[in-house]
Amino acid sequence: MGDRLRLAVGIMGNASSLLLYAAPILTFTRVIRKRSTEEFSCIPYIVALSNCLLYTWYGLPVVSYKWENFPVITINGLGIILELSFIFIYLWFAPTRGKIKAGTTTTMLMVIFTVTAIISAFVFHDHHHRKVFVGTIGLVASVAMYAAPLVVVKQVIMTKSVEFMPFYLSFFSFLASVLWLAYGLLSHDLLLASPNLVGLPLGILQLGLYCKYRKRGIIEEEPSKWDLEHNNLQEKPKHIQLSMNEDINGKI
């Protein structure tokens, strides 16, 4: 029963993570359409890539015992493909300064992953120590992945606009944190559960900010529409008066 429940939670965790990784498709559709990255940041996608690389390696039999963490491999392997696609699109349309920053950060994180993989494979000779080593670095990467949107959160608070913090990205981040926290606890694997203890409150924070500033945007938008209609009503008598004056002048 315990293994079936763990597998079921793992499958639901895969589904929620797939939606999380796929959520930026809407954002990058906009980037392609406008041929500009605007104010979007590439950091969350670069950090997510490093997280996917580390946890794919963590789930493989080199680190884990046989295929005990197969659900972790499948979703993070797919995440690698999606995040690489997003980063490539960003690099294509970003200004020169953005390309340099994104390219440098991506290269640095790829070097860190490569060194981690080499050390875990050749320095440690049992699964337990490999899992602890890779899992600890993966924990740091996961915390960074969940904390990366704080850059956008700061922008939301300053501009009082949620334009550059998509709702679905925040929602699926929260949902994935809940499910992978449950999967880690059911697996008695604290290295899988721990990152989600950080991701959960951050997901709640993002959803709270979205609800707050989205409502404010709607409230601020309505008066502007009313003012426009009010101005139109005020302009109509002027047009009528002008027409009447023209008619009178014509008769005279």
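**Close-up 1. Packing of helices H3 and H6, which cross with a left-handed sense.** In this predicted model, helix H3, spanning residues 43-59, packs against helix H6, spanning residues 127-147, with the two axes 9 Å apart and at an angle of about 155°. Because angles over 145 degrees count as roughly antiparallel, H3 is described as roughly antiparallel to H6. On the H3 side the contact is made by Val47, Ala48, Ser50, Asn51, Leu54, Tyr55, Trp57 and Tyr58, and on the H6 side by Lys131, Val134, Gly135, Ile137, Gly138, Leu139, Ala141, Ser142, Ala144 and Met145.

**Close-up 2. Packing of helices H5 and H6, which cross with a right-handed sense.** The axis of helix H5, covering residues 96-122, comes within 9 Å of the axis of H6, and the two cross at roughly 165°. That angle makes H5 roughly antiparallel to H6. In this contact, Thr116, Ile119, Ser120 and Ala121 of H5 meet Arg130, Phe133, Val134 and Ile137 of H6. Val134 and Ile137 are also among the H6 residues that make the contact with H3.

Close-up 3. When its neighbours within four places in sequence are left aside, lysine 131 is in contact with Tyr58, Val63, Ser64, Glu68, Asn69, Thr136, Asp189 and Leu191. Of these partners, Tyr58 is listed among the H3 residues that take part in the contact with H6, and Lys131 itself is listed on the H6 side of that contact.

**Close-up 4. Aromatic pair of phenylalanine 28 and phenylalanine 86.** The model holds nine aromatic pairs. In the pair shown here, phenylalanine 28 and phenylalanine 86 are stacked, with 5.1 Å from centre to centre and 5° between the ring planes. The pair links distant parts of the chain, since phenylalanine 28 belongs to helix H2 (residues 24-34) and phenylalanine 86 to helix H4 (residues 70-93), 58 residues apart. Phenylalanine 28 and phenylalanine 86 are both buried. Ring pairs also bring in a tyrosine, linking Phe28, Tyr45 and Phe86 into a cluster.

**Close-up 5. Aromatic pair of phenylalanine 88 and tryptophan 92.** These two rings form a tilted pair, with 6.1 Å from centre to centre and 35° between the planes. Both residues lie in helix H4, where they are four residues apart, about one turn of the helix. Phenylalanine 88 counts as exposed at 54% relative accessibility, and tryptophan 92 likewise counts as exposed at 57% relative accessibility.

Close-up 6. Most residues other than glycine have a negative phi.

**Close-up 7. Cysteine 52, which is buried, and cysteine 211, which is partly exposed.** A disulfide is a covalent bond between the sulfur atoms of two cysteines. How many disulfides does a search of the whole structure find? The search finds zero. Cysteine 52 has a relative accessible area of 0%, whereas for cysteine 211 the relative accessible area is 43%.

**Overview. The chain as a whole, with nine helices and zero strands.** From the N terminus on, the elements run α-α-α-α-α-α-α-α-α. The chain has 252 residues, of which 40% are buried. Among contacts in the chain with a separation of 6 or more, 76% are accounted for by residues 24 or more positions apart.

Notes:
Residues are numbered from 1 along each chain as its sequence is written. This is a predicted model: local features need pLDDT of at least 70, side-chain atom pairs count only at pLDDT 80 or more; totals for chains, interfaces and linings use all residues. Side-chain values use heavy atoms; hydrogens and water are left out. Rings of Phe, Tyr and Trp (its six-membered ring) pair if their centres lie within 6.5 Å; planes under 30 degrees apart count as stacked, over 60 as edge-to-face and the rest as tilted. Buried means under 20% relative accessible area, exposed over 50%, partly exposed in between (1.4 Å probe, protein chains only). A disulfide is a pair of cysteine sulfur atoms within 2.5 Å. Axes are lines fitted to C-alpha atoms, for helices over the stretch in contact, and angles run from 0 to 180 degrees between N-to-C directions. Angles under 35 degrees count as roughly parallel, over 145 as roughly antiparallel, 65 to 115 as roughly perpendicular and the rest as oblique. A crossing is left-handed if the near helix is turned anticlockwise from the far one by less than a right angle, and right-handed if clockwise. Contact means heavy atoms within 4.5 Å.
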